[in-house]
Amino acid sequence: MVTTAPPKFDVMTLPWPADWAALFGHDQPLILEIGFGRGQFLLHLAQSYPDHNVVGIEISNRCLTDVERLLARQRIANARVIFAMAETALAHLFVPQSLEAVHINFPDPWFKTRHSHRRLMQRETLDALVSRLKPGGMLYLATDILEYAEMSAALLAETPGLTNTLATPWSEALPGRIITKYEAIAHREGRPCHYFAYRRNSTPAPHVPVIQEQPMPHLVFSSPLTLEDIAAQDERAPLGRIEPAPGMYIHFMRMWRSGRHLMFETHIKEPTIDQHMALIVSARDDGMYTVQMSTLGHPRPTEGVHGAVRALGEWLMAIKPGARVVVQKVL
């Protein structure tokens, strides 16, 4: 029997926020699994809750491909998998009070101190989760790392919008839960698993708005310099890395020339999204220049991208007196 693989979804190509009813073909309550791995738990959720739509997010391409095929083979119509970081998905895809339940199974503990900022269980992410849960919605967390359980217990206890449904901070068993392959391995190796179950209560949620994309940034300028002059200036005075706002940095990495264009390889890190893209400076037939983002790779025009176009424009204006901005469409 030939099965048709479902469409591939990516946080960078979906609308912000996502239209889940259109994506699934019907409007049903949403369940989210963050980091579904090999997909056993995601499949269990979809089969156990046929009257819900189940969304799984993952950053492993191999896991995404394998689970897409699994869902197609099993003819599962109420589950979709999406390439996305948790922070990006929560900030850009889901509106407040849109989730019935969130499952986080065995997140990467990021043991080293210098990597601790990468842990999923952070105050900002937990605030976003509380915002996205419906009143009465459930947050489930499982980990086999005691230190991670202790850290998470402290964070959850300091979250007024969530109420612990267990008699203790966590339990080492959760009735009715399917045992995944990872959990079975942990048990065989003598590592106890720690389970959390918290309910969204009536306390007002933190204000975590959905971040939507901005209009395309665009800049037109005139300059006494030629494209060759500008390219030579970059070698002597590279833009490098700037930090225009807290939690954001823009790193202009390399520059290439191709005909009437200069391409600036740019890394833009924002609190909710990380983009590696190109900004293009193009010579026009009327003697002016444009600065805009390349659409290669589906970048999204966020506040950080606007900041990068603005910073590049300011650098171009400062190279030599006589340059002036003719059109500026940036935040």
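## Close-up views of a predicted model

**View A. Arginine 260 pairs with aspartate 285.** Arginine 260 and aspartate 285 form a salt bridge, and their closest N and O atoms are 3.0 Å apart. The structure shown is a predicted model. Arginine 260 has a relative accessible area of 41%, so it counts as partly exposed. Aspartate 285 has a relative accessible area of 78%, so it counts as exposed.

**View B. Strand E14 and its partners.** Strand E14 covers residues 289–293. Four of these five residues are buried, so the strand is largely enclosed by the rest of the structure. Strand E9 (residues 218–222) runs antiparallel to E14, and four bridges join them. Look for valine 220: its bridge partner in E14 is threonine 290. Strand E13 (residues 274–283) also pairs with E14 in the antiparallel sense, over five bridges. Here isoleucine 280 stands opposite glutamine 292 of E14.

**View C. The turn between E13 and E14.** E13 and E14 form a hairpin. Five residues lie between the two strands. Glycine 287 is in the turn, and its phi is positive, about 90°.

**View D. Arginine 300 pairs with glutamate 213.** Side chains of opposite charge can pair when their charged atoms come close. Arginine 300 and glutamate 213 form a salt bridge, with their closest N and O atoms 2.9 Å apart. The two residues are 87 residues apart and link distant parts of the chain. Arginine 300 is in the loop between E14 and helix H9 (303–318). Glutamate 213 is in the loop between E8 and E9. Is arginine 300 buried or exposed? Its relative accessibility is 7%, under the 20% limit, so arginine 300 counts as buried. Glutamate 213 has a relative accessibility of 37%, so it counts as partly exposed.

**View E. Aspartate 144 pairs with arginine 191.** The side chains of aspartate 144 and arginine 191 meet in a salt bridge, at 2.9 Å from N to O. They lie 47 residues apart, and the pair links distant parts of the chain. Aspartate 144 is in the loop between E6 and helix H6 (146–157). Arginine 191 is in the loop between helix H7 (181–188) and strand E8 (194–200). Aspartate 144 counts as buried because its relative accessibility is 8%. Arginine 191 counts as partly exposed because its relative accessibility is 25%.

View F. The model has a count of 15 salt bridges.

**View G. The second largest pocket.** Rolling a probe the size of a water molecule over the atoms shows where empty space is left. The second largest pocket has a volume of about 330 Å³. Which residues are closest to its centre? Of the 19 lining residues, they are Phe41, Leu45, Tyr49, His103 and Tyr140. Helix H2 (40–48), strand E5 (99–105) and strand E6 (133–143) each give two or more residues to the lining. The lining holds ten nonpolar, seven polar and two charged residues.

Note on methods. Residues are numbered from 1 along each chain as its sequence is written. This is a predicted model: local features need pLDDT of at least 70, side-chain atom pairs count only at pLDDT 80 or more; totals for chains, interfaces and linings use all residues. Side-chain values use heavy atoms; hydrogens and water are left out. On a 1 Å grid over the protein atoms alone, a cavity is a set of points where a 1.4 Å probe fits but cannot get out, and a pocket is an open set with protein on both sides within 12 Å along at least five of seven lines; lining residues have an atom within 4 Å of a point. Grid points are joined across faces, edges and corners, and a volume is the space filled by probe spheres set on the points. Ala, Val, Leu, Ile, Met, Phe, Trp, Tyr, Cys and Pro count as nonpolar, Asp, Glu, Lys and Arg as charged, and the others, Gly among them, as polar. Buried means under 20% relative accessible area, exposed over 50%, partly exposed in between (1.4 Å probe, protein chains only). Two strands pair if DSSP finds at least two bridges between them. A salt bridge is a side-chain nitrogen of Lys or Arg within 4 Å of a carboxyl oxygen of Asp or Glu.
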